[in-house]
Amino acid sequence: MDGPDSLTVRPSTPADLPALEQWSCEEPVAWVDRARLREEMASGNYRHEWTWIAERADRPVGRALWWGRPDATSPLTLDCLLVERAEKHPEDIGTALILAGRDAFEDAGELEFNVDVAVTDSNDRSVSAALEWREAAAHRGGFTRTTERIAFARTADDPSPEISTRLHFAAGTDAQFRTLFGAVAAGSLDSHTRSMVADHGVAALAADDLAFYSSLPGHREAWQIASRTDGTTVGFIVPTRNAYDAAISYLGVLPEHRGNGYVHDLLSQMVRIHHDAGEQRIVGTTDAPNLPMRAAFERAGFGITRTRIVHAG
């Protein structure tokens, strides 16, 4: 028989909505407040069957909100994980919530748990503490990889980057893009690409990338292959959208053409495509160690908005 301090974890029901809305967070991480919870529930990005509650003696002590697309049958990311401040071992409750969700969504494929923090002093103990217990819960809950990513954004009011005159951009077929996704994997600084190649091979990576980026909102015809004036292909761009903004989803320079600054040409072209389509805000992310991509974002008028810790696997 369960004792008075035993923990139970269950999916929420509509009757739990008032209690879910009462949660707040004093930790220095991004979290979902009442207004956003209501908005995302109404859109179908959050659902009660994707929202998990941890309780002791019928008292809520933890909340996990998983996010998915409105037309999906399973979520994609754990968007917000909160535990009552009075709990001495939040990582235990976090682990239980993550495991319950992952068990319920076992057919969803690879999931992610994202934790956003402001760009701040890395020595801030309150930031470290908030990240540490969540990372412990993530790893114990089955997420095997942790990556620090830097998020960027710019608006149409920011100075426009210089448009390339040395490259020609044209549409391409799915077969061409599948080949290019595989070709740019060699020497990639992206942690997901490296992990996918190590675990499954280049062909699987290319097929997965093509399927994933094709599934995102946006216009497939905006994808372009970049070539020099002599016809030599140097890279490609995949401008799409996320659920909220225009996105710099993917750009790649072929290994033999790296070091020539083409990343700036590709990113400038993506910015032009989005702003010409009437997009006011454009966002993008890159792994923290990817210094060339970070420099390209800054040169194209993007500013850093946050640091994102991504737990995946």
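In which helix is T95 found? Select T95: this residue belongs to helix α3. Please bear in mind throughout that the model is predicted.

Is T95 buried or exposed? Its relative accessible area is 8%, and because the limit for a buried residue is under 20%, T95 counts as buried. Now display the neighbours of T95, leaving aside residues up to four places away in sequence: T95 touches A136, A137, R140 and G141. Select A136 together with T95 and compare their C-alpha atoms. The two residues are separated by 41 residues in sequence, while their C-alpha atoms lie 7.9 Å apart in space.

**Second stop: helices α3 and α4**

Two packed helices are described by the angle between their axes and the distance between the axes. Select residues 90-104, which form helix α3, and residues 125-140, which form helix α4. The axes of α3 and α4 are 8 Å apart, and the packing angle is about 40°. This angle makes α3 oblique to α4. The crossing of α3 with α4 is right-handed.

Next, show the side chains where these helices meet. From α3 come P90, E91, D92, G94, T95, I98 and L99, and from α4 come W133, A136, A137, A138 and R140. By class, the residues of this contact comprise seven nonpolar, two polar and three charged.

For another pair, select residues 262-276 for helix α8 and residues 291-299 for helix α9. Their axes come within 9 Å and cross at roughly 50°. The helices α8 and α9 are therefore oblique to each other, and their crossing is right-handed. On the α8 side, select V263, H264 and L267; on the α9 side, select M293, A295, A296, F297 and R299. The contact of α8 with α9 has six nonpolar residues, one polar and one charged.

D79 is buried, with a relative accessible area of 18%. Which residues does D79 touch, not counting residues up to four places away in sequence? The contacts of D79 are R36, Y46, L65, W66, W67 and N114.

Select C25 and C80 and display their sulfur atoms. How many disulfides does a search of the whole structure find? The search finds zero. C25 is in no disulfide, and the nearest cysteine sulfur to that of C25 belongs to C80, 7.0 Å away.

**Last stop: the loop between β2 and β3**

Most residues other than glycine have a negative phi. With that in mind, select A57 and D58. A57 is found in the loop between β2 (51-56) and β3 (59-67), and D58 lies in the loop between β2 and β3 as well. Phi of A57 is near 50°, a positive value in a residue other than glycine. D58 has a positive phi of about 65°, although D58 is not a glycine. Finally, colour these residues by accessibility. A57 counts as exposed at 61% relative accessibility, and D58 is exposed, with a relative accessible area of 69%.

Note on methods: Residues are numbered from 1 along each chain as its sequence is written. This is a predicted model: local features need pLDDT of at least 70, side-chain atom pairs count only at pLDDT 80 or more; totals for chains, interfaces and linings use all residues. Side-chain values use heavy atoms; hydrogens and water are left out. A disulfide is a pair of cysteine sulfur atoms within 2.5 Å. Axes are lines fitted to C-alpha atoms, for helices over the stretch in contact, and angles run from 0 to 180 degrees between N-to-C directions. Helices (H or I, at least four residues) and strands (E, at least two) are DSSP runs, numbered from the N terminus. Angles under 35 degrees count as roughly parallel, over 145 as roughly antiparallel, 65 to 115 as roughly perpendicular and the rest as oblique. A crossing is left-handed if the near helix is turned anticlockwise from the far one by less than a right angle, and right-handed if clockwise. Contact means heavy atoms within 4.5 Å. Ala, Val, Leu, Ile, Met, Phe, Trp, Tyr, Cys and Pro count as nonpolar, Asp, Glu, Lys and Arg as charged, and the others, Gly among them, as polar. Buried means under 20% relative accessible area, exposed over 50%, partly exposed in between (1.4 Å probe, protein chains only).
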